[in-house]
Amino acid sequence: MSKVLILDANQQPLYPVRISRARLLLSQGKATVFQRYPFTIILKESLSRLKLEQLGFKFHPGIKIIRNL
């Protein structure tokens, strides 16, 4: 199952959405194509109006080495 990367109006990453949800946002005019590879869309409105989860980041408390990817 493929996912589409999505950015909010402030260019902050959100959780990837399914292709069908991205197609719906594009057809309703709520989003535009930000870049083609990897395919990313950007929302036109702020998060307060749309209900999507913002991408979170957590650390494991027992980790001793952090690697750069």
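Helix α1, residues 19–27, lies across β1, β2, β3 and β4 and runs at about 105° to β2. The model is a predicted one. One helix and four strands make up its secondary structure, and along the sequence these elements follow the pattern β-β-α-β-β.

The sheet can be taken next. The four strands form an open sheet in the order β2-β1-β4-β3, with mixed pairing. Its edge strands are β2 and β3 (31–35), each of which pairs on one side only. On average, neighbouring strands of this sheet are turned by 35° against each other, direction ignored.

Two of the pairings involve β1. Strand β1 (residues 3–7) pairs with strand β2 (residues 13–18) in the antiparallel sense, over four bridges. Within this pairing, V4 has V17 in β2 as its bridge partner. The hairpin of β1 and β2 has five residues between the strands, and in this hairpin Q11 takes a positive phi near 60°. Strand β1 also runs parallel to strand β4 (residues 40–43), and three bridges join the two. Here I6 stands opposite I41 in β4.

V17 lies in strand β2. In sequence V17 and V4 are 13 residues apart, while their C-alpha atoms are 5.3 Å apart in space. Leaving out residues up to four places away in sequence, V17 touches K3, V4, I6 and A22. Is V17 buried or exposed? Its relative accessible area is 10%, and because the cut-off for burial is under 20%, V17 counts as buried.

With residues up to four places away in sequence not counted, A22 touches V4, V17 and I41. V4, V17, A22 and I41 are among the members of the largest nonpolar core.

The place of T40 is in strand β4. T40 touches L5, L7, T32, V33, F34 and Q35, again not counting residues up to four places away in sequence. Why is T40 classed as buried? The reason is its relative accessible area of 5%, because burial requires a value under 20%. The side chain of T40 also has a polar atom that lies 2.8 Å from the backbone oxygen of P38.

Some totals describe the protein as a whole. Buried residues make up 20% of its 69 residues. The protein exposes about 6,000 Å², of which carbon and sulfur atoms supply 53%. Among contacts with a separation of 6 or more, 40% come from residues 24 or more positions apart.

Definitions and conventions
Residues are numbered from 1 along each chain as its sequence is written. This is a predicted model: local features need pLDDT of at least 70, side-chain atom pairs count only at pLDDT 80 or more; totals for chains, interfaces and linings use all residues. Side-chain values use heavy atoms; hydrogens and water are left out. Two strands pair if DSSP finds at least two bridges between them. Axes are lines fitted to C-alpha atoms, for helices over the stretch in contact, and angles run from 0 to 180 degrees between N-to-C directions. Contact means heavy atoms within 4.5 Å. Buried means under 20% relative accessible area, exposed over 50%, partly exposed in between (1.4 Å probe, protein chains only). Accessible areas come from the Shrake-Rupley method with a 1.4 Å probe; for residues, only the protein chains shown count as cover. A nonpolar core is a set of buried Ala, Val, Leu, Ile, Met, Phe, Trp, Tyr and Cys residues joined through side-chain atoms within 4.5 Å. A polar contact is a pair of N or O atoms within 3.5 Å; within protein, one must be able to donate a hydrogen and the other to accept it, and residues adjacent in sequence count only if both atoms are side-chain atoms.
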